[in-house]
Amino acid sequence: MYQQMIFVNLPVNDVDASKKFFTELGYTINPQFTTDDCACVVISDTIIAMLLSRKRYQDFTKKEIADSTKTSEVLLCLSAESREKVDELVDNALAAGGTVSGETQDYGTMYGRAFDDLDGHTWEVMWMDPSQVQG
């Protein structure tokens with residue numbers, strides 16, 4: 001069965017530093033689609049983050065590239081299988097050089113935290129109680 005994928009393309013200032021950051025979070029780099037100008041970060045079977053040097057990113061748009069340390073361009077949200085996994089991923093991001101973004105959100109059946117990566121892109125990590133999610 002076909003599974004639709006998402007490829008999130010993000011501009012970064014230092015491809016090598018970004019590769020190191022995301023591998024420290026437990027993700028892998030697909031060397032087949034990684035060059036000096038971009039890194040293919042495998043988040044899951046259906047989620048790929050393409051981290052492009054600002055020069056390479058500019059090849060894909062005529063728009064000005066946002067400075068994500070000053071403006072919000074997008075909020076990326078990843079699910080986690082438990083509250084503990086939310087904390088683990090965010091704590092790993094902070095240890096790898098990321099920064100806290102916002103306050104912890106704890107609504108009992110939903111729990112989330114967020115971090116900004118090395119380039120200021122905001123990543124939210126959220127757990128939802130599966131018994132409360134209607135299918």
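Modeller: One aromatic cluster is formed by Phe 21, Phe 22, Phe 115 and Trp 123. The model is predicted, so that local features need pLDDT of at least 70 and side-chain atom pairs count only at pLDDT 80 or more, while totals for chains, interfaces and linings use all residues. Residues are numbered from 1 along each chain as its sequence is written, and side-chain values use heavy atoms, with hydrogens and water left out.

A pair of aromatic rings is described by the distance of the centres and the angle of the planes. Here, rings of Phe, Tyr and Trp (its six-membered ring) pair if their centres lie within 6.5 Å; planes under 30 degrees apart count as stacked, over 60 as edge-to-face and the rest as tilted. On these terms, three aromatic pairs are found in a search of the whole structure. For Phe 21 and Phe 22, the ring centres are 5.1 Å apart and the planes stand at 85°, so this pair is edge-to-face.

Burial is expressed by relative accessible area: under 20% is buried, over 50% exposed, and in between partly exposed (1.4 Å probe, protein chains only). Phe 21 is buried, at 1% relative accessibility, and Phe 22 is likewise buried, at 2%.

Contact means heavy atoms within 4.5 Å; with neighbours within four places in sequence left aside, Leu 76 is in contact with Val 8, Leu 10, Thr 122, Trp 123 and Glu 124. Leu 76 lies in strand β5 (residues 75-79), where strands (E, at least two residues) and helices (H or I, at least four) are DSSP runs numbered from the N terminus. Leu 76 is buried, its relative accessible area being 11%. From Leu 76 to Ala 114, 38 residues apart in sequence, the C-alpha to C-alpha distance is 9.4 Å.

There is also an open sheet of four strands, in the order β1-β4-β3-β2 and with mixed pairing. β1 (6-12) and β2 (28-29) are at its edges with a single partner strand each, so one side of each has no neighbour in the sheet. Two strands pair if DSSP finds at least two bridges between them; β2 and β3 (residues 38-42) are joined by two bridges in the antiparallel sense, and Thr 28 has Val 42 in β3 as its bridge partner.

Met 5 belongs to the segment before β1 and is partly exposed, with a relative accessible area of 37%. Leaving aside neighbours within four places in sequence, Met 5 is in contact with Asp 45, Thr 46 and Ile 48.
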